[in-house]
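Subject: Structure handover and findings

Dear colleague,

Please find below the structure that I am handing over to you. My findings follow it.

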Amino acid sequence: MSDLVSSGLVQDAATALPQMDSLTRPVFLVVSSVTGRIDPAFPTRSPFMQIDAFAKAGLEAEVLAATEMIRDHCYDGAGLGIFPVKAGYFDASLSDVTLFGEPRRSRIDAAKLARAVIDVELTYVVWESVTV
């Protein structure tokens with residue numbers, strides 16, 4: 001799959017990203033929700049997201065390693081299960097993570113940063129609290 005938001009949100013954000021010298025880590029992520037699915041009969045949500053890893057120019061190996069780490073965690077299923085969401089929202093149960101392609105380098109970047117991209121779809125169930 002090609003870079004879904006390379007001509008939109010992420011490319012525009014690249015010119016407004018924090019100064020690289022001010023960061024405490026060499027790689028940072030930008031997560032963009034591109035689209036998704038909602039099951040009308042069951043409280044299931046499946047957002048499709050593009051995850052971009054950025055670093056200073058010349059650190060292409062680090063950004064690719066960051067997206068490969070995300071890929072590996074998607075395969076091992078360690079993050080599946082019920083997790084709390086911030087106050088004011090219902091808890092959710094992450095039931096599946098689907099990868100769409102492998103991590104890839106991206107050369108489309110207005111700020112000339114090293115960039116790698118991976119596309120994932122999360123499937124989770126929203127658990128509404130029931131009071132008796």
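Predicted model: local features only at pLDDT ≥ 70, side-chain atom pairs only at ≥ 80, totals over all residues.

With which side chain does the side chain of arginine 115 make a polar contact? The partner is the side chain of aspartate 52, at 2.7 Å. A polar contact here is a pair of N or O atoms within 3.5 Å; within protein, one must be able to donate a hydrogen and the other to accept it, and residues adjacent in sequence count only if both atoms are side-chain atoms. Arginine 115 sits in strand β6 and is buried, its relative accessible area being 2%. Buried stands for under 20% relative accessible area, exposed for over 50%, and partly exposed for the range in between (1.4 Å probe, protein chains only).

Residues are numbered from 1 along each chain as its sequence is written, and side-chain values use heavy atoms, with hydrogens and water left out.

Overall architecture

The protein chain contains 2 helices and 6 strands, arranged along the sequence as α-β-β-α-β-β-β-β. These elements are DSSP runs numbered from the N terminus: helices are H or I with at least four residues, strands E with at least two. The chain has 132 residues, of which 36% count as buried. Its accessible surface is about 8200 Å², with 58% belonging to carbon and sulfur atoms; the areas come from the Shrake-Rupley method with a 1.4 Å probe, and for residues only the protein chains shown count as cover. Among contacts (heavy atoms within 4.5 Å) with a separation of 6 or more, 64% join residues 24 or more positions apart.

Aromatic pairs

There are 2 aromatic pairs. Rings of Phe, Tyr and Trp (its six-membered ring) pair if their centres lie within 6.5 Å; planes under 30 degrees apart count as stacked, over 60 as edge-to-face and the rest as tilted. Phenylalanine 28 and phenylalanine 54 are stacked, at 5.6 Å centre to centre and 20 degrees between the planes. Phenylalanine 28 belongs to strand β1 (residues 28-38) and phenylalanine 54 to strand β2 (residues 44-55), so this pair ties together parts 26 residues apart in sequence. Phenylalanine 28 is buried at 14% relative accessibility, as is phenylalanine 54 at 1%.

Phenylalanine 48 and phenylalanine 100 form an edge-to-face pair, with 5.0 Å between centres and 70 degrees between planes. This pair links strand β2 to the loop between β4 (91-99) and β5 (104-105), 52 residues apart. Phenylalanine 48 is buried at 8%, whereas phenylalanine 100 is partly exposed at 29%.

Nonpolar cores

A nonpolar core is a set of buried Ala, Val, Leu, Ile, Met, Phe, Trp, Tyr and Cys residues joined through side-chain atoms within 4.5 Å. The largest has 9 residues: Met49, Ile51, Ile70, Cys74, Leu94, Val97, Leu99, Ile118 and Val120. Two or more residues each come from β2, α2 (60-76), β4 and β6 (114-127), and β4 gives the largest share, 3 residues. A second, separate core of 6 residues includes Ala53, Ala66, Ala114 and Ala116.

Alanine 66 lies in helix α2 and is buried at 16% relative accessibility. Apart from neighbours within four places in sequence, alanine 66 is in contact with Val27 and Ala53. Its C-alpha atom is 7.6 Å from that of valine 27, 39 residues away along the chain.

Yours sincerely
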